[in-house]
Amino acid sequence: EHEDTSLLLLPLFEGQNYGAAAAGGTQCPPVAVSRNNAAKRDCLVVAVLCFGNLINFIDWFIVPGILLDIQKYFGLSDGKTGLLQTVFTLCYMLAAPIFGYLGDRYNRKLILGAGICFWSGVTLGSSFITESHYRIFVLSRGLVGIGSASYSTIAPTIIADLFEEGKRTTVLSIFYIFIPVGSGCGYMLAAGMAKSTGDWHWAFRVTPCMGGVALLLLILLVPHKIQRRTAAHRALSISGMIGRADEKPDVHRTANTTWCQDVGSLVKNCSFVCSSLGLTAMAFVTGALGMWMPLFLYRAQVVQGLVPPCLQDSCNSSNSLIFGGITIGTGILGIIAGAEAARRLRKINNKADPLICATSMFISSLCLYIALMVAQTNILSTFIFIAFGELFLSVNWAVVTDILLYVVAPRRQSTAIALQILVSHLLGDAGSPYLIGLISNTIQARNMPSLQWSFWSMQYSFVTCAFVGVLGGGFFLLTSFYVEGDRREAQR
């Protein structure tokens with residue numbers, strides 16, 4: 001049905017230089033590239049970018065994987081501990097639009113290489129920070145967030161320019177699957193290094209070495225310049241089942257309106273507003289779980305008498321290893337299941353997407369609440385319900401992007417995506433780790449210091465996530481009332 005991608009790439013690769021030769025300005029003679037060679041080059045580029053994405057998200061979740069060790073080392077309260085991930089996310093959120101602007105105007109390979117060097121160097125440097133310099137450690141996490149933003153913003157656009165519609169969605173799905181894989185590996189790597197070396201600082205010394213390998217592969221295998229397939233930014237779907245009028249050559253995508261007019265139109269789009277608020281709730285829950293869950297599980301085990309309180313230099317890290325494995329498995333399964341469920345149910349119900357999101361959020365919130373309630377008595381049941389909660393939460397990542405793409409007119413999709421990212425991070429995972437820690441601090445301050453109240457304070461704080469999850473499900477349910485009308489309006 002779709003034209004072979006490698007045939008379309010032939011004119012791009014003729015005269016195009018790769019790797020170090022391109023960076024030095026050396027011109028290679030035009031060569032007719034075979035279809036197989038072009039396809040292999042594309043696969044190599046995607047493999048390099050996926051490897052970089054893996055490293056990127058490992059760095060995101062190294063801190064949560066050894067949170068107990070870091071909290072003990074710097075002598076932090078729960079509130080100050082949560083600030084680490086909040087600073088990281090805020091810097092990431094604010095830097096992303098800047099790198100998006102630079103990526104549209106300057107060489108993306110150079111920006112990617114600079115970003116990898118920057119965040120790898122800062123990560124390595126943070127492993128030598130002493131206990132008296134907590135503020136410098138916080139600053140280092142913010143700088144890593146800036147470096148990560150350069151990669152997350154630009155790498156998908158390179159994939160988008162290498163592949164046509166038929167294959168691009170599949171390749172991007174593979175790229176995005178490395179988000180949960182990298183997140184889970186971050187927990188497992190951090191916990192494993194802390195356990196094997198007896199010093200949590202070594203967890204920050206592995207990914208810089210991986211970053212060096214990624215940089216070398218980037219220089220050797222990724223083209224110095226990649227010709228863009230379209231002048232406009234393309235909004236990308238994961239499940240690949242939406243209407244694609246924006247890809248047809250006869251559709252005019254250039255906006256004739258101002259940015260303020262576009263924002264005003266989006267604010268009036270009920271499906272966009274409600275689905276964005278639902279996504280914000282998802283980000284809130286994900287951010288809080290990612291930061292605090294291993295520590296919560298540890299406190300639950302201490303209360304049950306399964307493990308002793310952490311008094312030595314290296315604390316028990318088994319919860320991070322298990323939670324990392326759960327994150328990888330449920331993330332991959334959830335993304336695939338969500339895309340497949342949307343593909344099948346969309347054929348029989350035009351409101352399938354928001355209803356899938358709403359149902360998943362309600363079930364995820366229920367599973368999370370049950371996990372919180374049984375944590376003090378049965379740790380195995382807690383792990384099981386957390387796994388189901390994360391699974392149903394992951395289902396929505398593959399669906400919520402599609403909702404935006406077919407309820408917003410093509411000429412406003414870039415603005416819509418930017419606004420959705422800003423709102424979901426600002427009101428979601430940027431603040432939730434700090435808020436959960438702050439609530440826990442407040443509860444502990446009003447009661448006698450004890451291991452029991454240390455657990456209860458975190459347990460009561462996490463109830464906030466269950467409530468926000470239900471609220472997010474309600475927003476997706478509201479989306480279902482407007483989605484058909486807004487879709488018809490966007491297609492005009």
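Student: Which side chains do E340 and R343 bring together, and in what kind of link?
Tutor: The side chains of E340 and R343 meet in a salt bridge, at 2.6 Å from N to O. A salt bridge here is a side-chain nitrogen of Lys or Arg within 4 Å of a carboxyl oxygen of Asp or Glu. This is a predicted model, where local features need pLDDT of at least 70, side-chain atom pairs count only at pLDDT 80 or more, and totals for chains, interfaces and linings use all residues. Residues are numbered from 1 along each chain as its sequence is written, and side-chain values use heavy atoms, with hydrogens and water left out.

Student: How far apart are E340 and R343 in helix α13?
Tutor: They sit three residues apart in α13 (residues 318-345), so about one helical turn separates them. Helices are DSSP runs of H or I with at least four residues, numbered from the N terminus.

Student: How many salt bridges does the structure hold?
Tutor: Four.

Student: New topic: at what angle do α12 and α15 pack?
Tutor: Helix α12 (residues 270-304) and helix α15 (residues 379-395) pack at about 175°, with axes 12 Å apart. Axes are lines fitted to C-alpha atoms over the stretch in contact, and angles run from 0 to 180 degrees between N-to-C directions. That makes α12 roughly antiparallel to α15, a label for angles over 145 degrees.

Student: Which residues meet there?
Tutor: Among them are M282, L289 and L297 in α12, and F383 and I386 in α15; contact means heavy atoms within 4.5 Å.

Student: And what about α6 and α12, at what angle do they pack?
Tutor: Helix α6 (residues 78-103) and α12 pack at about 145°, with axes 10 Å apart. D78, T81, G82, L84 and Q85 in α6 meet M291, W292 and R299 in α12.

Terms used. Helices (H or I, at least four residues) and strands (E, at least two) are DSSP runs, numbered from the N terminus. Angles under 35 degrees count as roughly parallel, over 145 as roughly antiparallel, 65 to 115 as roughly perpendicular and the rest as oblique.
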